[in-house]
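Student: I would like to go through this model term by term. Please set each label against its cut-offs.

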Amino acid sequence: MYRVVMPLLKETGYVKKIIEQVEKVLYLLVGTLLVIMALAVFVQSAADLSKLTFSSFVNSQIAKLLNDALFTIIILELLSTVVSHLFRGGFQLKAFLVIGIISSVRRVLVIGAQLSTTSTITNSSFNRGIIELGVDAGVVLLLSVALAINRKYSTDKEKKSDAVH
């Protein structure tokens, strides 16, 4: 039966069309979920902003709000990746590099805020924090270089493509 059915399905392309449609539906569902998540984080951040008090913990409150804002941006970048995939197809390297950079910067800001707002910190906690800051800064640098290389390559590829047309 397999030997009869599979060649028929390959010739007509039904399986490929069905899989492509299921993939599009799943991407739309993921995109919808990302929109809901971004809205939820945004609404929560707005509620937190309205409760902001000017006390000794203002730095940690602002750091949390900044963290939430950057998390919303990460979610929106993921959504843009889903949308790009739906309309252009393929793997969107640039978007993932940007997401990585934003995530690492977000972590640097959170660690910096934690280190600056903690009144008592042990030497080992401080050293771990500084090492993590250094690693995250290195990740930002490497991803930025990768993004620059990707942009240069994409620009060169587009110029060559325009020259052919």
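**Surface patch, salt bridge and pocket**

Tutor: Start with the surface, where Tyr14, Ile18, Val22, Val25, Leu26 and Leu29 form a nonpolar patch with about 600 Å² of accessible area together. This is a predicted model, in which local features need pLDDT of at least 70 and side-chain atom pairs count only at pLDDT 80 or more, while totals for chains, interfaces and linings use all residues. Residues are numbered from 1 along each chain as its sequence is written, and side-chain values use heavy atoms, with hydrogens and water left out.

Student: What makes a set of residues a nonpolar patch?

Tutor: Patch residues have over 30% relative accessible area and no salt bridge; nonpolar side chains (Val, Leu, Ile, Met, Phe, Trp, Tyr) are joined within 5 Å, and like charges within 9 Å. The areas come from the Shrake-Rupley method with a 1.4 Å probe, and for residues only the protein chains shown count as cover.

Student: Why does Tyr14 count as exposed?

Tutor: Exposed means over 50% relative accessible area, buried under 20%, and partly exposed in between (1.4 Å probe, protein chains only). Tyr14 has 51% relative accessibility, so Tyr14 counts as exposed. Tyr14 lies in helix H2, residues 14-50.

Student: How do you know that Glu132 and Arg107 meet in a salt bridge?

Tutor: The term requires a side-chain nitrogen of Lys or Arg within 4 Å of a carboxyl oxygen of Asp or Glu. For the side chains of Glu132 and Arg107 the N to O value is 2.8 Å, so the pair qualifies. Glu132 lies in helix H5 and Arg107 in helix H4, so the pair ties together parts that are 25 residues apart in sequence. The structure holds 1 salt bridge.

Student: Why is Glu132 called partly exposed?

Tutor: Its relative accessible area is 31%, so Glu132 is partly exposed. Arg107, at 33%, is partly exposed as well.

Student: What makes a space a pocket rather than a cavity?

Tutor: On a 1 Å grid over the protein atoms alone, a cavity is a set of points where a 1.4 Å probe fits but cannot get out; a pocket is an open set with protein on both sides within 12 Å along at least five of seven lines. Lining residues have an atom within 4 Å of a point. The largest pocket has a volume of about 390 Å³, a volume being the space filled by probe spheres set on the points, which are joined across faces, edges and corners. Of its 17 lining residues, the closest to the centre are Arg88, Gln92, Leu93, Lys94 and Ala95.

Terms used. Helices (H or I, at least four residues) and strands (E, at least two) are DSSP runs, numbered from the N terminus.
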